[in-house]
Amino acid sequence: MDLLEVQKLCKTYGSGETAVNALRDVSFAVPKGEYVAIVGESGSGKSTLLNLIGALDTPTAGKVLIDGKDIFSMDDRQLTVFRRRNIGFIFQAFNLVPELTVEQNIVFPLLLDYQKPDKKYLEELLTVLNLRERRDHLPSQLSGGQQQRVAIGRALITRPALILADEPTGNLDSQNSSDVIRLLKEASKKYEQTILLITHNRSIAQTADRLLQVTDGSLTDLGRCRA
Amino acid sequence: MKSYLSLIPISAKVRRRQNRITVLCIALAVFLVTGIFSMADMGVRMETANARRQHGNYHIALRGLPEEAAEKLAARRDVAAVSVSESLNTDISLDYTVAGKKAGLIGSDESWLTDTFAYLSEGRFPAGSGEAVLSENAKAVFGAELGGSFTLHTPTGDFSFRISGFEDDGSAARYDAILVCLDRAAFEQVRAANGAESAPEFFVRFRPLTQIRRAISEIKSQYGLEEGQLAENLVLIALSGFSENSVVLGMYGAAAFLFVLVLTAGVIMIAGSLNSNVAQRTAFFGMLRCLGASKSQIMRLVRREALYWCRSAVPSGAALGVAGSWGVCAALRYGVGGMFSGIPLFGVSLPGILCGVLVGLLTVLLAARSPARRAAAVSPVTAVTGNAESKATRPARLGPWRVETALGLRHAAASKKNLLLMTGSFALSILLFLSFSAVLAWIHYALNPLRPSSPDLSVLSGDGSNAVSGELAAELSAMPGVKRSFGRAVQRLEAEWEGGGGSLFLVSLDDRQLSWAEKEGWTVDRRGLERVRREENCVMSVYSEGSPLQKGARLQIGGESLEVACSCAYAPFDGGGTPVLLCTEALFSRLTGESGYAVLDLQLEKDATEEQVAALRAAAGELLLSDRRAGNRETSATYWAFTILVYSFLAMIAAITVCNIVNSISLSVSARMRQYGAMRSVGMSGRQLMKMITAETLTYALCGLTVGLAAGLPAHKMIYESFITAYFGEAWKVPAGAALVIAAFVAAASAAAVYAPAKRMRSMVITETINEL
Ligand SMILES: Nc1ncnc2c1ncn2[C@@H]1O[C@H](COP(=O)(O)OP(=O)(O)O)[C@@H](O)[C@H]1O
Ligand SMILES: [Mg+2]
């Protein structure tokens, strides 16, 4: 069964003359464990698509099914819990909590769920992310790449089925970028996680299992690329 | 865009919501100052008019000068008017009478009666020696009317006059005497016939803007005046603004204090807004610097931006203030009356408006100083690196709290300066609230004319004897227009008590007055009072410091042994230093054998007519009938004025506090909006977000409450003990009621502070907050 199913998704911002059709009738499905890259020009609607899949915003029309569940049929509270447990977000602007340390930032979603973090898994993540020596530092004391790795840790700690990453390497240099992508890919292999990743970087896109292109709100499946 | 400053209206439009509360704060400050200063101005105008009526429209009065002095004084350049008057038997000690009532005599020139003291209420000044003006109460006493005539009996003979007019200075009714005003020639005849000494007094009014102090010392040295020859009309001098010690100076002082209070609160609030405004836009300022803006340009930008808020805030605040003062004036004039019946209704006070505008501009400019400097200090690098807002330097400790609570606490404690300001503003409000509530208690004790026991009329023996007989009391209380009557007998007795003895006043109270003792708060000792009412040998002593007759003391009067079962703070009798004991009528007559009263108090029906009062007066016969209705109205007006003043202070303090905390929380939320969005996206629920904001708010509130009570309770105790315990003997208690009100108020303010951001959070669109720079 497919983990993610998007059906006829439309999003229109504004109304009347200034209306922007950011997404037009987008449909596609992603099976469990697949690593999908989304490319497209700036302003074509990639972020809109990702935000809708993560239920950060509501669509004008259409459905998103995750694990067979229609996410827009849930009320706000159910959605919050669902998001907390099933979706991991990584943003271009890392969006860490400035008052919390690296370790606290990573376990933040678990704390919100009033759960005890799994110590072994946390250590493993810190090792993989190369943040062991930095665990008690604050975000303001880290470099951009390190901050983004913390954000990845935060997205992985709940072992979500779906990871959504919006230009996670947009603020990073090429060395850092490839590190981040490598990490994401390893994790997804290891825990059978599905990844949707927006990128402008051709070489990063080439490493994905599958490539989707958004052009002016419409989606084209460029198919599997085995470079 | 003409210049970079054209950015201001554009960005103001975009940031309207964030600025709304700030604009509200400025408007509130302007409103409060305009309103209060307008009220003070109206108050001074009213006081001036009242003082002219009550104390006379003159600045100094001179006595012991030769007659020619009047002309010389009037010739001075700085003197506007001089009038002369003399008086005879105005202390009603000699046997001058009109229609059987004691009479006092005034001889003056016309301007004294019509201008210096505007007492003439009807008719005209006596034209020639055959005419006289009488006090208003003569109409009721013997049916005097304009054009009629009367005879003045003096110790050496009778004089007849025609009535040319009436005067109303209010004193005649109170002393139950008649005042006769003559011109100087007629007065001279009466005076000479009775061999009294001539002592004319000269009343001098200076022209406006005269340096009164200097003029007075000039006149003093010119006429070689001694101490006592020159009396200053302090009230009027003060109202002209030339006094060093007076009520009016106190009023100006209170106004100045308020000005500073409002200014401080305003600066604190608006500085908070501006600071957070600047902090949120560091990247923006960094970008401006990148694009080539100089430091001074950025400072100017921030300052102009702040001034831009004044554009709507200052005029609307000032307009509201003026309207508010009209409302209060109307309430005072028609609701309270008394001395306020002369307050101007639609007065516009220029000083009030100017002060309001000044406070608005000053607040904003003072508040903009440090944020402007901070904005200018932003390095251009911040524009490039971003992430300037997250400046946490210490990690949050989660401790036993859940993560959202811990973060809320952390947000409250993050900025020491902010925490201090918030705690301080709460604590200051609580301190002021407690201090004012102690003052309110004092007003209640000292000024309350609304006691159920306040009489409208009193029938007095005049010489302190118990000459009002029981039969007369019964007769008067049965007359139409009388609602209730109650009497007090007084006797000076010799008594012995442990360790001494001496004379004291024994005063009888009937059961109704004793029942008021508790209701009116003369005493809180219910059990002791009950014993005084029920037991045969128990009396109540009036508290005075160091008196041996405290509760529990025993004493002997004429062979009877008595116990002081209760002591009270107030009694309707002033012993003037001699101890006073209160007892039942039964005990009083047993001890003294007297059955009459020294004082019989009458309370009238609401619709009692002047004819009914005149009938009562006639029935009282030889006895004095003191009319206290006018005086009660005055006291009542004073009481209400003080009460309204204190409550408006309290309301102001409350408004400023609520505004401050709502503003601070709103700012704190605005500043962290993007963070909240990010937290929402990684799974924080709306409820958790609320808890976080609530935790932050409660931290401020609880800190403020603790500090406020810690500082406020001792202040309350101090004020209470020096104003109430010292005079009324009531011991200080923890003001539980006030503390409860404060706690409720703090809770309500916190709830209000959380409510608005919570509403905003619920409708927050996560996507809008996470990726903006
Ligand atoms: N909140 C919004 N209101 C109006 N238009 C928007 C909003 N967010 C995005 N858009 C428009 O929708 C289109 C798609 O935007 P987006 O999904 O952010 O593009 P990108 O592919 O660069 O991520 C753009 O034309 C953008 O201008
Ligand atoms: Mg985008």
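D115(B) is partly exposed, at 31% relative accessibility; that label covers values between buried, under 20% relative accessible area, and exposed, over 50% (1.4 Å probe, protein chains only). D115(B) forms a salt bridge with R205(B), with the closest N and O atoms 3.2 Å apart. A salt bridge here is a side-chain nitrogen of Lys or Arg within 4 Å of a carboxyl oxygen of Asp or Glu.

This is a predicted model, in which local features need pLDDT of at least 70, side-chain atom pairs count only at pLDDT 80 or more, and totals for chains, interfaces and linings use all residues. Residues are numbered from 1 along each chain as its sequence is written, chains are lettered from A and ligands numbered from 1 in the order in which they are written, and side-chain values use heavy atoms, with hydrogens and water left out.

**Salt bridges**

- D115(B) sits in helix α4 (residues 110-116) of chain B and R205(B) in strand β10 (residues 201-206) of chain B, so their pair ties together parts 90 residues apart in sequence. Helices (H or I, at least four residues) and strands (E, at least two) are DSSP runs, numbered from the N terminus.
- R205(B) is buried, with a relative accessible area of 17%.
- Over all chains, the count is 33 salt bridges.
- R210(A) and E34(A) join their side chains in a salt bridge (3.1 Å, N to O). R210(A) belongs to strand β9 (residues 210-215) of chain A, while E34(A) is in the loop between β2 and β3 (35-40) of chain A, so this pair ties together parts 176 residues apart in sequence.
- Both R210(A) and E34(A) are buried.
- R182(A) and E186(A) also meet in a salt bridge (3.2 Å, N to O). They are 4 residues apart in helix α6 (residues 174-191) of chain A, which separates them by about one helical turn.
- R182(A) is partly exposed, with a relative accessible area of 44%. E186(A) is partly exposed too, at 40% relative accessibility.
- A network of salt bridges links E103(A), E123(A), R132(A) and R135(A).

**Around ligand 1**

- Which residues are around ligand 1? They are Y13(A), V20(A), A22(A), E41(A), S42(A), G43(A), S44(A), G45(A), K46(A), S47(A) and T48(A). To count, a residue needs a heavy atom within 4 Å of the ligand.
- This shell divides into 3 nonpolar, 6 polar and 2 charged residues. Ala, Val, Leu, Ile, Met, Phe, Trp, Tyr, Cys and Pro count as nonpolar, Asp, Glu, Lys and Arg as charged, and the others, Gly among them, as polar.
- β2 (20-31) and α1 (46-53) of chain A each supply at least two shell residues. The largest share, 3 residues, comes from α1(A).
- An oxygen atom of ligand 1 lies 2.6 Å from a backbone N or O atom of G43(A). For G45(A), a backbone N or O atom is 3.0 Å from an oxygen atom of ligand 1.
- The side chain of T48(A) has an N or O atom 2.5 Å from an oxygen atom of ligand 1.
- Taken alone, ligand 1 exposes 560 Å², and the protein buries 62% of that. Such areas come from the Shrake-Rupley method with a 1.4 Å probe.

**Strand β6 of chain B**

- Strand β6 (residues 131-135) of chain B is mostly covered, with 5 of its 5 residues buried.
- β6(B) pairs with strand β8 (residues 157-167) of chain B in the parallel sense, over 5 bridges. Pairing requires that DSSP finds at least two bridges between two strands.
- Opposite S135(B) stands E167(B), in β8(B).
- β6(B) and strand β9 (residues 178-183) of chain B run antiparallel, joined by 2 bridges. There, C181(B) in β9(B) is the bridge partner of V133(B).

Definitions and conventions:
Polar contact = N/O pair within 3.5 Å; in protein donor to acceptor, adjacent residues only side chain to side chain.
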